[in-house]
Amino acid sequence: MAATASPGASGMDGKPRTSPKSVKFLFGGLAGMGATVFVQPLDLVKNRMQLSGEGAKKREYKTSFHALTSILRAEGLRGIYTGLSAGLLRQATYTTTRLGIYTVLFERLTGADGTPPGFLLKAVIGMTAGATGAFVGTPAEVALIRMTADGRLPVDQRRGYKNVFNALFRIVKEEGVPTLWRGCIPTMARAVVVNAAQLASYSQSKQFLLDSGYFSDNILCHFCASMISGLVTTAASMPVDIVKTRIQNMRMIDGKPEYKNGLDVLVKVVRYEGFFSLWKGFTPYYARLGPHTVLTFIFLEQMNKAYKRLFLSG
């Protein structure tokens with residue numbers, strides 16, 4: 001049974017007062033940026049693993065641990081944080097838009113009695129929020145992929161971006177504005193898959209755990225729901241993610257791109273590297289996505305609770 005809100009905590013329509021939309025967007029971005037600070041090294045390893053063995057070449061890394069130690073040995077401690085500025089900008093754009101829109105739509109479609117949207121509606125909300133956020137965040141995504149991939153190349157072939165703003169400026173200057181949105185379609189497709197799985201499965205998992213009677217609405221519940229959500233998301237999104245990574249990192253060869261489109265990437269990966277290479281690097285992918293999902297939702301839940309306690313309590 002829903003608790004009755006006090007007069008000071010309810011709006012004119014009787015629904016509980018909530019934080020302004022701008023605060024929802026801000027909290028979404030801050031939660032994602034906070035998580036990125038912790039998982040950036042895992043993001044770098046994930047990207048390197050997905051590019052390893054490209055074009056029927058010998059795989060550079062045998063395992064994610066081998067990749068991590070190789071990067072540390074060749075590039076030093078700072079090397080594993082290559083692309084952090086791009087990762088933060090991606091969260092400031094993509095995650096702010098994604099979680100902000102999801103939260104607003106979720107609350108609007110919640111019943112007057114507090115009944116949350118059904119599972120399918122949650123998935124639709126997640127896909128809408130994800131696709132919109134992906135479009136906004138694609139330029140930062142392109143910069144991130146290129147910056148994290150640079151260290152694996154011979155020195156004379158590296159792009160050598162100094163930071164995300166230098167990367168964006170040079171991409172526009174050297175390749176044109178449209179290149180900032182290279183891979184936009186697979187990026188949006190990945191976001192649809194990720195958000196349908198992540199946001200809907202998180203909400204559903206959290207609701208299931210609370211209904212079980214063994215959990216209360218606290219950090220342990222948020223952690224368990226986030227881990228379930230991260231596992232579902234990893235399994236569903238890896239093939240689309242490798243398409244996005246390779247398209248955004250590709251170069252022009254004799255005036256022609258390495259890949260024609262996303263389907264061409266899938267065909268070449270299967271042909272030259274094997275069908276299961278579409279799930280190459282499952283462990284580092286989950287090692288990045290799992291903790292990022294956990295940290296993002298924990299930060300978001302705690303900021304929302306703090307805001308309600310400080311500004312919305314009666």
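Two packed helices are described by the angle between their axes and the distance between the axes. In the predicted model, helix 1 (residues 21–51) packs against helix 2 (residues 64–79) at an angle of about 120°, the axes being 10 Å apart, which makes helix 1 oblique to helix 2. The crossing of helix 1 with helix 2 is right-handed. From helix 1, Leu-44, Val-45, Arg-48 and Met-49 make the contact, and from helix 2, Ser-64, Ala-67, Leu-68, Ile-71, Glu-75 and Gly-79 take part; by class, this contact holds six nonpolar, two polar and two charged residues.

Salt bridges in the model come to a count of 16. Within helix 1, Lys-46 and Asp-43 are joined by one of them, at 4.0 Å from N to O, and because Lys-46 and Asp-43 are three residues apart in this helix, about one helical turn separates them. Lys-46 is buried at 6% relative accessibility, as is Asp-43 at 2%.

Other salt bridges link separate helices. Lys-244 meets Glu-141 with an N to O distance of 2.9 Å, and this pair connects helix 7 (residues 219–249) with helix 4 across 103 residues; Lys-244 is buried, with a relative accessible area of 0%, and Glu-141 is likewise buried, at 7%. The closest N and O atoms of Asp-241 and Arg-190 are 2.4 Å apart, and since Asp-241 lies in helix 7 and Arg-190 in helix 6 (residues 184–212), the pair ties together parts that are 51 residues apart in sequence. Both residues, Asp-241 and Arg-190, are buried. A network of salt bridges links Asp-43, Lys-46, Arg-90, Glu-141, Arg-190, Asp-241 and Lys-244.

How values were computed
Residues are numbered from 1 along each chain as its sequence is written. This is a predicted model: local features need pLDDT of at least 70, side-chain atom pairs count only at pLDDT 80 or more; totals for chains, interfaces and linings use all residues. Side-chain values use heavy atoms; hydrogens and water are left out. Axes are lines fitted to C-alpha atoms, for helices over the stretch in contact, and angles run from 0 to 180 degrees between N-to-C directions. Helices (H or I, at least four residues) and strands (E, at least two) are DSSP runs, numbered from the N terminus. Angles under 35 degrees count as roughly parallel, over 145 as roughly antiparallel, 65 to 115 as roughly perpendicular and the rest as oblique. A crossing is left-handed if the near helix is turned anticlockwise from the far one by less than a right angle, and right-handed if clockwise. Contact means heavy atoms within 4.5 Å. Ala, Val, Leu, Ile, Met, Phe, Trp, Tyr, Cys and Pro count as nonpolar, Asp, Glu, Lys and Arg as charged, and the others, Gly among them, as polar. A salt bridge is a side-chain nitrogen of Lys or Arg within 4 Å of a carboxyl oxygen of Asp or Glu. Buried means under 20% relative accessible area, exposed over 50%, partly exposed in between (1.4 Å probe, protein chains only).
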